[in-house]
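Subject: Structure handover

Hello,

Here is the structure we discussed. Please load it first, then read the notes below.

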Amino acid sequence: MIPLDHIIEVALLVLAAYLGGCLIGYGAHLAVRAYKSRPQLAPAIAAREEKSSKTTKTAPAPATRSAARRLASAVEREDTEPVQAPASSQLRPPDLPAPRDGKADNLRAIKGIGPKTESALNDLGIYHYDQIAAWTGAHIDWLEGRIAVKGRIRREQWVEQAVLLATAIA
Amino acid sequence: MGPFGATLLFLLGYYWPFMAVAALVGLVTGWLSLSRREPE
């Protein structure tokens, strides 16, 4: 085994290797997470739109589809923005005084939103999927200081999930 | 390279498996430290 006159040096080297491994593991996980959460929803929306236009050819679809297109283009616009906007560009998202038709959407259908966050969103006047789908980077920055851990809204893709849910109920 | 460097090389050459295991454990620890679920 390790002789006693080397034990301190070996322990220091092992500690250094451990700390180095920790840093590399943390960095690698961050990189993988950033890669996984990159914007990639446009093809899914296009496929969904195509599918809905095929199935509802006789229905009065144009208005619905144009709303879906508006939502999709809003998301694409956001995709082109830098991920980290400066703090000065924070903007409160548009709110509603009350849910439309007196009935709010079930925001908990968005993965990452629980009862507490849903109630916080409702307190901020956010009740519907299309409101979340219209968020821009500045809105997200504003919200992250108030209702969510930093980076969570983008990482869990609330906006993209809301686009899908909004187009599903439209 | 002075005596310190020579000692370091000797230790690294002789005890590298210990350091490799420690680095591996550190890698897993660092990775998992980001996987903890954030509070709702």
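**Buried charges and the rest**

Asp141(A) and Arg154(A) are both buried, where buried means under 20% relative accessible area, exposed over 50% and partly exposed in between (1.4 Å probe, protein chains only).

Before going on, some ground rules. This is a predicted model, in which local features need pLDDT of at least 70 and side-chain atom pairs count only at pLDDT 80 or more, while totals for chains, interfaces and linings use all residues. Residues are numbered from 1 along each chain as its sequence is written, chains are lettered from A and ligands numbered from 1 in the order written, and side-chain values use heavy atoms, with hydrogens and water left out.

**Salt bridges**

The whole structure holds six salt bridges over all chains. The term stands for a side-chain nitrogen of Lys or Arg within 4 Å of a carboxyl oxygen of Asp or Glu.

Asp141(A) and Arg154(A) form one of them, at 3.3 Å from N to O. This pair links distant parts of the chain: Asp141(A) is in helix α6 of chain A and Arg154(A) in helix α7 of chain A, 13 residues apart. Helices here are DSSP runs (H or I, at least four residues), as strands are (E, at least two), numbered from the N terminus.

Arg154(A) also bridges to Glu144(A), with the closest N and O atoms 3.9 Å apart. Glu144(A) lies in helix α6 of chain A, ten residues from Arg154(A). Arg154(A) has 18% relative accessibility. Glu144(A) has 6% and is buried too. Shared partners join Asp141(A), Glu144(A) and Arg154(A) into one salt-bridge network.

Arg100(A) and Asp130(A) make a further salt bridge, 2.7 Å from N to O. Arg100(A) sits in the loop between α3 (62–79) and α4 of chain A and Asp130(A) in helix α5 of chain A, so the pair ties together parts 30 residues apart in sequence. Arg100(A) is partly exposed at 38%. Asp130(A) is partly exposed at 29%.

Trp135(A) is in the loop between α5 and α6 (137–144) of chain A. Its relative accessibility is 2%, so Trp135(A) counts as buried. Trp158(A) is 23 residues away from Trp135(A) in sequence and 9.5 Å away in space, C-alpha to C-alpha.

In α4(A), the buried residues are Thr117(A), Glu118(A) and Leu121(A). They cover an arc of only 100° around the axis, which puts them on the same side of α4(A); the arc is taken over the directions from the helix axis to the C-beta atoms. They pack against α5 (129–133) and α8 (158–169) of chain A. The face turned away carries the exposed Pro115(A), Lys116(A) and Asp123(A).

**Chain A against chain B**

How many residues of each chain are in contact? Chain A brings 29 and chain B brings 20, with contact meaning heavy atoms within 4.5 Å. The two chains bury about 2100 Å² between them, 71% of it on carbon and sulfur atoms. That area is the accessible area (1.4 Å probe) that two parts lose on being put together, summed over both. Leu13(A), Tyr18(A) and His29(A) supply 25% of what chain A buries against chain B, more than any other three residues. There are zero salt bridges between chain A and chain B.

Best regards
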